[in-house]
Amino acid sequence: MILLSITHLTKRFTPHDLPALDDLSLDAEPGEIIALLGPSGSGKTTALRLIAGFEKPDAGVVVISGKTMADRKTCVPPEGRGVGMVFQEYALFPHLTVEENIAFGLRPLDPRTRGHRVHGMLETVGLTPFASRYPHELSGGQQQRVALARALAPRPALLLLDEPFSNLDADMMVQMHLEVYTILRELGTTAICVTHDQEEAFMIADRVGILNQGRLEQLGSPEEIYHRPATRFVARFVGKADFLPGRVTDEGIATEIGTLLNTPGLPAGVQVEVMLRPDHIELIPDPMGSAMVLTRQFRGPDNLLVVQLRSGATIHSHQPSTLTLHPGDRAKVVAHPTHVVAFLATKPWL
Amino acid sequence: MPTRQASAAVPVTGHPALRLPWDPWPLAAGAVALVVATPILVVVSSLVTPSLDIWSHLWQTQLLELIWNTLTLSVGVGGGVVLLGTGLAWLTTMYRFPGRAVFEWLLILPLAVPAYVIGFVFRGFFDYTGPVQSGLRRVFGPGIWFPDIASFGGVVLVMTLVFYPYVYLLARMAFLEQSETTLEAARALGARRTAVFWRVALPLARPSIVAGLSLAVMEALADFGTVAIYGYNTFTVAIYRVWFGLFNRQAATELASLLLLFTGALYAIERSWRGRARFYQTERKARPPAPTMLTGWRAWAASGAASAVVGGALLLPVGQLLVWSVTALGEADFDDRYPEFVLNTLIVGGTTAIVAVGAAVVIAYGLRLSHSRVVAACGRIASMGYALPGSVIAVGVLVPLAFLDRAYNALARVVWGADGGLLFTGSIAGLVFAYLARFLALSVHTVEASLVKVTPSMDMAGRSLGLSPGGVLRRIHLPLIRGGLCTGAILVFVDVIKEMPATLLLRPFGYETLAVRVWQFTSESFWEAAALPALTIVAAGMLPVLILARSSVRSRQGRDEGAGGEG
């Protein structure tokens, strides 16, 4: 069963510019958490507002729980969609208490059920002692819990979260990631979360969609996105990536640091660029090695080193914090990619 | 001029001659504030020392009627301005319809027209002999019924049309400050557009609406010209009558103190209605609401409603005044003393504006340099006059001035052996004093607001770059606050021109301004003759509204630029 189905969703704000969202299609299963990840201006917030009903699509269809919410003819207003939304700035009602904020969307219920529901939500988010406070009397994390409780109280089929963690301090953010994830899982809520933070997306989502300039570049599990990026953009956006030129031969992909397995099955003879993550690069101290250490950043649990190869290309490498290499030292470079990712070269190599 | 920095230290560039053993500013500020507050204190003191004879006489004659009329007027006008002001504010902030951009600020303009001007135009226009009823009789015969404009309903209609902009302006600001996401959150929780208005937007704007409402009702309580020509007996009319009809100043003072009590009660009610919730926007960056496009009949209905209000409150009165003025100009009995009234008006207006700005500078600097609670309290007391009706101020001014005249004459008799004449009550000094007591708040607020732009570190920067305290004042402060001084002067000037009851009660015998002339003609139902002076007052009144509209439109522009949003 599909809970949310989006097909060919397109939105333009100015007629002659590129569309803010271009032909987005995705399905969400019940209970699934999907993160839409992209830089600012990538169309991720537009996608969310189209699903919520705050914008009318220029083309495409939105179906929630089998009901068509938007297509060429219809556009159900936000209040008719039964979709919960958590806003970046929380958008709590400043004239209502925490309790009244949570009860806001429960108008159709009878007062007893409403009371039960509000108390249940207060308990879920751990704010029972703050029920009669006003929003401005709460901390950022507490405000966010109210926003979440308010959106979840009417038991929406689908919850939309718009950069919900971006207003929090770093410590609070990590804690809230876990809390929100646990609550959503506990209630089995289907959720779409928009973010520009890849770690956040990986942490809370079952599947991650990468948006760039209004287009969906890739949709897949966090592991797929990280290890098997479909495009250079995805490769760069979800983590550090270096690209080394290579040439496909019968043995594999020949590069400066050795021959790698031709797992993508590319035809022999083509020029490619191989993507390498810092955690795939091993450095072996060797005075005769072909690479020279340029910089070393000690980061506590590990080191991030930049080494220069003979060709002049530089690559990054994660090394244990016990490593003894220093700038100027020479080393041998060995690559252990879990899955070799190669893109066709865009320009001829000399 | 020495500033505190001069007396307080830094002998590097200090002028020892300018150093005083005490801070001059707080003292000066306190003195100015105290003088300006005298009339208010006089009326308040008569409230705590009531004269029982006069009260029992008032009770037997007209007190109940006055109280009843004042209460019903407050409720009627209050209800009218809240409905009209809030509705129009919601319409122009949340919807797009033909002409919205123009209506948005045309709807502010009725503020420029004094109530008594719209009052007498409506009276002349809708009266039995006016063009509307004459026309109807011509078409439908003489038996046709038409509501009497000179009634409670007429007064409420006129005052609602004049005073709704207070609510409109404040509610509009409140709606613009609301974050779009707050309203979207309500819709995501299942609230329809109308429910969003009633459950979120309106409660959030309540403090602003209540503030606008109380301003409007205060103006209604202070009005004299309208209620007088509509034969609706309120405190201002009663004060005028016992003053000039009975020459009973004691009774006038008692009535004034009761009117003061009403104003105080209104203030207290406003405070309590604000409620416990403090309406912060909890967001860091609020995106203002984006207006929805209205289409079809809804769009035309919106334009029609806005046009009706602008037409009734602005176009009809101004148009009718123009027609009457032209008619009056063409006739032989044209008021050839018109230039004299204009000159008199300019003299009292200009004098008061200059004195008020000077006094405001003293008070504002006193506050800035001393941070003393006493000075702050003086400033607040001196600003209270703005909330008080002109009639109350006039009564409060006359008592101390009459005392000064008596003292001066007693002295004159001793020194020269002859009377000195009415030095204070017989000159425009009393008038300027009363205007000052009533309108000082305008200039104090604008000067204070512009002084905020001058941070203390600027003073220090100036001194460290080699400026003397006087140089700091001349080269840093003055350029920064010049705009504020001008705005303050214009606001005071225009309000003085419009002020009717205080002018009528305190003017020296035979001294006539435009407002006095309007009263003289309208009280005799000479609508056409009153048109030209009234039109002059309306034209002057446009000045501050234009200033206001400019800043208000600027805030809207900022909002449209900010509404781009993230993709």
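## The open sheet of chain A

In this predicted model, chain A holds an open sheet of four strands in the order β2-β1-β4-β5, with antiparallel pairing; strands are DSSP runs of E of at least two residues, helices are runs of H or I of at least four, and both are numbered from the N terminus, while two strands pair if DSSP finds at least two bridges between them. The edge strands, each pairing on one side only, are β2 (21–28) and β5 (67–70) of chain A. Direction ignored, neighbouring strands of this sheet are turned by 25° against each other on average, the axes being lines fitted to C-alpha atoms.

Strand β4 (residues 59–64) of chain A runs antiparallel to β5(A) and is joined to it by three bridges. Opposite Val62(A) stands Ala70(A) in β5(A).

## Where chain A touches chain B

The contact between the chains takes 31 residues from chain A and 25 residues from chain B, where two residues are in contact if their C-beta atoms, placed from the backbone, lie within 7 Å. On the side of chain A, the elements that give two or more residues are α1 (44–52), β6 (83–86) and α4 (140–152). The residues of that side divide into 16 nonpolar, twelve polar and three charged, with Ala, Val, Leu, Ile, Met, Phe, Trp, Tyr, Cys and Pro counted as nonpolar, Asp, Glu, Lys and Arg as charged, and the others, Gly among them, as polar.

## Chain B and its domains

Chain B has 23 helices and two strands, and buried residues make up 45% of its 567 residues; a residue is buried if 20 or more other C-beta atoms, placed from the backbone, lie within 10 Å of its own.

An automatic or database assignment gives the domain bounds, which divide chain B into domain 1 (23–61 + 247–275 + 338–511) and domain 2 (63–233 + 299–332). The centres of the two domains, taken over C-alpha atoms, are separated by 30 Å. Their contact takes 17 residues from domain 1 and 14 residues from domain 2, and within the domain 1 side α13(B) supplies the largest share, seven residues.

## Helix α16 of chain B

The buried residues of α16(B) are Val375(B), Cys378(B), Gly379(B), Ala382(B), Ser383(B) and Met384(B), and they pack against α2 (24–48), α15 (338–370) and α18 (428–451) of chain B.

## Conventions

Residues are numbered from 1 along each chain as its sequence is written, and chains are lettered from A and ligands numbered from 1 in the order in which they are written. Because the model is predicted, local features need pLDDT of at least 70 and side-chain atom pairs count only at pLDDT 80 or more, whereas totals for chains, interfaces and linings use all residues.

How values were computed
A residue is buried if 20 or more other C-beta atoms lie within 10 Å of its own, exposed if 12 or fewer, and partly exposed in between; C-beta atoms are placed from the backbone. Axes are lines fitted to C-alpha atoms, for helices over the stretch in contact, and angles run from 0 to 180 degrees between N-to-C directions.
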